[in-house]
Amino acid sequence: MKILVCIKQVPDMESRFRPNGDKTWYDEGDLAFRMNEYDEYAVEQAVQLKEQLGGEPEITVVSIGPERTVEAIKKALAMGGDRAVHIRDDRYYQKDPWQIASMIASYAKGENFDLIFTGMQSQDRGSAQVGVIVAELLGLSCATTLVGFSYDGGTITVKRELEGGIKGVAKLKLPALVTCQLGLNTPRYPTLPNIMKAKKKEIAALTPAELSGEAELTATAAIYPPAKKGGGLVLEGEIGVQVDRLMGILKEKTAVLR
Amino acid sequence: MKALLIGEYRQGKLLDTTYELKAFADRLGADSVMLVVGSEADLPKYDGKVYLADAATYGEYNPDLHKQLVLQAVEKENPDCIVFVHSSYGWDLAPRVAVALRAGQVSEIVALNEGAYEVNACNAKLRRTVTPKSGRCVLTIQAGAFSPSGEPQGTPQLEKLELSGTASAIEFVGYEAAEQKGVDLSKAEIIVSAGRGVGKKDNVPVIAALANALGGELGASRPVVDAGWVDHSHQVGTTGQTVSPKLYVACGISGAIQHLAGMKRADFIVAINKDKDAPIGEIADVLVVADVMQFVPAFTAKCAR
């Protein structure tokens with residue numbers, strides 16, 4: 001069995017964000033980058049399946065991005081990926097989900113993967129499109145938003161998270177692509193020996209020029225901080241003073257403290 | 001401009017979010033027609049053409065079949081845009097339709113901006129305006145962002161749709177309902193919720209102590225539940241419980257849209273967060289800029305006195 005896991009490196013969402021010079025993306029200076037959280041669930045599920053099948057499947061990790069992306073790739077390898085492909089693209093952020101998915105599909109086309117795992121969306125862009133588009137371009141069955149996954153004899157059973165705490169259960173035959181939601185599993189921390197082993201694993205480099213180039217179907221016209229609606233009162237400063245002021249406000253504005 | 005609106009059913013019932021599609025089309029100034037894979041027993045109140053495909057035949061949700069039905073309606077209507085709610089139904093189906101039509105998709109639109117679409121980025125800390133470059137486009141709208149102005153009314157003109165075959169690579173098995181045991185937050189008057197900002201499982205009792213001192217219940221955001229720090233029955237948000245207490249205290253919760261959707265109807269919202277720019281500050285009546293683990297114990301001590 002051949003497994004592909006698609007990952008993205010994104011900034012820590014606790015960061016402060018400001019637009020870049022030409023207002024097409026956020027300024028990447030000062031940001032700390034990590035693996036997209038949803039993709040960690042994808043990597044973990046792939047590794048768990050490999051373990052279930054006695055280590056037989058080969059897990060390839062693919063990611064598109066600038067040089068720093070290698071750090072996220074190395075983490076996925078340390079979690080249990082076997083090899084990786086880095087599509088080196090410094091202009092990745094100017095490509096829309098269609099172009100990103102087309103690059104992944106173009107790479108995957110000749111590789112005949114049986115199963116592809118992706119996160120359900122990226123934390124920075126959040127379009128939730130790339131995985132499904134890859135599946136459609138490759139003609140694979142696809143299920144999104146997984147909070148449950150099991151594999152048995154060429155068929156996968158998935159639990160999709162729906163609204164209001166309900167889950168939808170479906171069966172798909174391989175080859176298939178699934179997108180992973182938070183809570184699907186508990187992503188493992190790479191151990192030191194596995195981090196050391198990962199250093200020896202192959203990371204092949206590809207350039208966008210070696211893959212099919214599609215024209216964009218959507219474009220970012222501008223990126224900007226949302227207009228502040230004002231919000232409410234902001235209490236800053238010393239803790240004791242904040243506590244007293246909040247007590248006063250709650251007594252005045254609500255009935256909960258009488 | 002003409003919009004094809006894709007309504008949504010679950011277990012034979014029309015979902016209310018379907019009406020937000022019409023509200024969005026009105027805001028766009030677009031003529032609209034609707035497609036529902038649903039039931040004649042529960043049709044949308046809508047003055048206009050509704051393509052009805054029988055849910056009993058085409059299943060609760062089967063992406064392969066629903067895609068074919070949408071494409072049939074597109075063929076008949078030649079719309080400029082096809083609009084879904086950005087729900088587990090919409091985000092699954094919309095890209096499939098977009099690929100089939102080689103159309104650009106704009107996901108989770110929160111507002112309109114002079115003909116362009118506004119979407120959130122980076123946990124709503126930034127906004128982007130996105131413009132489709134394809135003649136026809138696929139759009140998904142954020143649930144709750146385009147609410148109907150009045151009670152929906154109207155009588156649809158029905159036109160039935162059928163597929164010639166119903167083969168699909170995906171088999172829908174059924175639903176699993178949420179576990180009913182645990183706390184019912186929907187009736188709580190005071191809720192104190194723990195978010196990722198509490199740092200670790202061992203810190204959750206500190207938040208629970210504040211809930212206790214105020215005579216309220218403990219709530220939680222999704223990451224805290226996923227991490228196993230708090231049981232799912234305490235989860236507030238789209239995939240947890242929707243609450244409307246008199247007081248909601250959000251401790252270390254940045255304010256992902258799914259969480260806000262579950263608690264923004266609270267009468268009074270206090271947020272405690274060290275990040276002054278956290279999206280929760282936008283809806284909080286009071287934002288205390290502080291480390292949760294320093295502020296909450298001090299506040300609890302004062303409340304208990």
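Okay, let's start with the charges: Glu136(A), Arg160(A), Lys67(B), Asp92(B) and Arg96(B) are linked in one network of salt bridges. Keep in mind that this is a predicted model. Over all chains, the count comes to 34 salt bridges, and I'll pick out a few.

Take Arg16(A) to begin with. Its side chain meets that of Asp277(B) in a salt bridge, 3.4 Å from N to O. Arg16(A) sits in the loop between β2 (9–11) and β3 (33–35) of chain A, and Asp277(B) in the loop between β16 (268–273) and β17 (286–289) of chain B, so this pair joins two chains. Arg16(A) is exposed, at 60% relative accessible area, while Asp277(B) is partly exposed, at 31%.

Now look at Glu236(A) and Lys276(B): they form a salt bridge too, with the closest N and O atoms 3.2 Å apart. That pair also crosses between chains, going from the loop between β13 (233–235) and α6 (239–253) of chain A to the loop between β16 and β17 of chain B. Glu236(A) is partly exposed at 47%, and Lys276(B) is partly exposed at 38%.

Then there's one inside chain A. Glu40(A) and Lys75(A) make a salt bridge, 3.1 Å from N to O. Glu40(A) is in helix α1 (residues 37–52) and Lys75(A) in helix α2, so the pair ties together parts that are 35 residues apart in sequence. Is Glu40(A) buried or exposed? Buried, with a relative accessible area of 10%. Lys75(A), on the other hand, is partly exposed at 25%.

Okay, on to the sheet. It's an open one of 10 strands with mixed pairing, and the order goes β11(A)-β5(A)-β4(A)-β1(A)-β6(A)-β10(A)-β7(A)-β8(A)-β9(A)-β12(B). At the edges you've got β11 (203–206) of chain A and β12 (170–176) of chain B, each pairing on one side only. Neighbouring strands are turned by 30° against each other on average, direction ignored. Helix α2 (residues 69–79) of chain A packs on this sheet, touching β1, β4, β5 (83–88) and β11 of chain A, and its direction makes about 165° with that of β5(A).

Let me zoom in on β1(A). Five of its six residues are buried, so the strand is largely enclosed by the rest of the structure. Six bridges join β1(A) to β4 (residues 58–65), running parallel, and four join it to β6 (residues 115–119), again parallel. Cys6(A) stands opposite Val62(A) in β4(A) and has Thr118(A) as its bridge partner in β6(A).

Last stop, the surface: Leu192(A), Ile195(A) and Met196(A) make a nonpolar patch of about 290 Å². Met196(A) is in helix α5 (residues 192–198).

Notes:
Residues numbered from 1 in each chain as written. Chains lettered and ligands numbered in written order. Predicted model: local features only at pLDDT ≥ 70, side-chain atom pairs only at ≥ 80, totals over all residues. Heavy atoms only, no water. Patch = residues over 30% accessible without salt bridge, like charges linked within 9 Å, V, L, I, M, F, W, Y side chains within 5 Å. Areas by Shrake-Rupley, 256 points an atom, 1.4 Å probe, with all protein chains shown as cover. Salt bridge = Lys/Arg side-chain N within 4 Å of Asp/Glu carboxyl O. Buried < 20%, exposed > 50% of the residue type's maximum accessible area, 1.4 Å probe, protein only. Pairing = 2+ DSSP bridges. Axes fitted to C-alpha atoms, helices over the stretch in contact; angles between N-to-C directions. Contact = heavy atoms within 4.5 Å.
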